[in-house]
Amino acid sequence: MTAPEQGKSPENPWPVRAVATRVAKYIDRLGMVWIEGQLTELKVRQTTAFMVLRDPAADMSLTVSCPRDLVVNAPVPLAEGTQVLMHGKPQFYTRNGSFSLRISEIRAVGLGELLARIERLRRLLDAEGLFDPRLKRPIPFLPGTIGLITGRASAAEHDIMAVASGRWPAVRFAVRNTVVQGPNAVPQIVEALRALDADPEVDVIVLARGGGSVEDLLPFSDETLCREIARATTPVVSAIGHEPDNPLCDLVADLRAATPTDAAKRIVPDTAAEQALIADLRRRSARALRNWVNREAHTVAQLRSRPVLARPLAAVDARAEEIHRARAAGRRDVTRLLATEGDRIGHLAARLTTLGPAATLARGYAVVQAVPEDGAPHVLHSVADAPAGARLRIRVADGAVTAISEGSGGAVISNDEAY
């Protein structure tokens, strides 16, 4: 059975020197590299300068060393926050197991290159929709508490608090003082932004900083900060620099203010202006109400002046008189008609009386009927209808009598019949 490979088992381990030597050889194969970052520390000794180079987009850094003359003769003054390009060789020191970058050349990142990088980031964020106006959150009309992220004892902090308190004395602030330029600015601002966004009492957050060069305002164009602003649930106002300054956080924020003073004016309403507006609205509403009442009163007066409303019973009275006249005319016509018909009936009755059999009987005439024993009585029209012995009924004006016919010579009356 073969022994396990060295370093692969506890029975055959590598000594520290072997591991350190192998790591040093592996790193040495990287050769010379160009690296970019921000200086966060700078210590110049008699012959050597020690620096810490930080990546602005991530929480990572490297230790850098170089000859003192390289720092003294650098193309731009080196200080904390300076964006630089360095050319050097990675080194691993086996004695203490530390890693460092030995620099042979230092270049400052030019303004044109910085602006080009900001433009590329702007296009990237725009393509992702972080600048979309539809994503902008509305700023509350009267925020109870304003979260303010700015430099300690800065003019921006003083201006915002003075202007806002002057416009609305009851406004409250939750202030987070951070570094606003240099390599530590982005982590501190992001931390403060997260803390204020998590505070339920904060209604709006303001990022404020005075003017400065493009290099000074670089933290506010940082991708990490821009994405954190877009991720926040509380409305964010960007008040960075002056009117010409336009860092990327202005485009991501829900509201861009030209200056910190402008931010205070746009967030907090002016008490005097609001009171004047309320007074003006009250006057206008009162005037509108009075005009409406006057207009309606005039309409009511016009309606009341019309005859139908001034004398509402006039039409009824007029119709009542017409009804009375119609009733009188109807009664008169009915009376006339009744009288005419009464006269006509009287004339007809008289004619009927004159032409009727009763009147003829009254003048002495009589109606003679034969009354057979087995038939109905019938009027005699000739002598032959009453042979001798026939029974007769003779009707006169006041009654009837019966008789026995004796033939054509006469009749014997046997009894009377009265009606």
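Three elements, β1 (33-44), β2 (48-55) and α3 (111-127), each supply at least two residues of the lining of the largest pocket, where helices (H or I, at least four residues) and strands (E, at least two) are DSSP runs numbered from the N terminus. The model is predicted, so that local features need pLDDT of at least 70 and side-chain atom pairs count only at pLDDT 80 or more, while totals for chains, interfaces and linings use all residues. Residues are numbered from 1 along each chain as its sequence is written, and side-chain values use heavy atoms, with hydrogens and water left out.

A pocket here is an open set of points on a 1 Å grid over the protein atoms alone, where a 1.4 Å probe fits, with protein on both sides within 12 Å along at least five of seven lines, and its lining residues have an atom within 4 Å of a point. The largest pocket has a volume of about 430 Å³, a volume being the space filled by probe spheres set on the points, which are joined across faces, edges and corners. Of its 21 lining residues, Pro-56, Arg-117, Leu-121, Ser-221 and Asp-222 are the closest to the centre. The helix α3 gives the most to this lining, with 5 residues.

The lining divides by class as follows, with Ala, Val, Leu, Ile, Met, Phe, Trp, Tyr, Cys and Pro counted as nonpolar, Asp, Glu, Lys and Arg as charged, and the others, Gly among them, as polar.

| Class | Lining of the largest pocket |
|---|---|
| Nonpolar | 9 residues |
| Polar | 5 residues |

Domain 1 (16-109) and domain 2 (132-269) each give at least three residues to the lining, their bounds coming from an automatic or database domain assignment.
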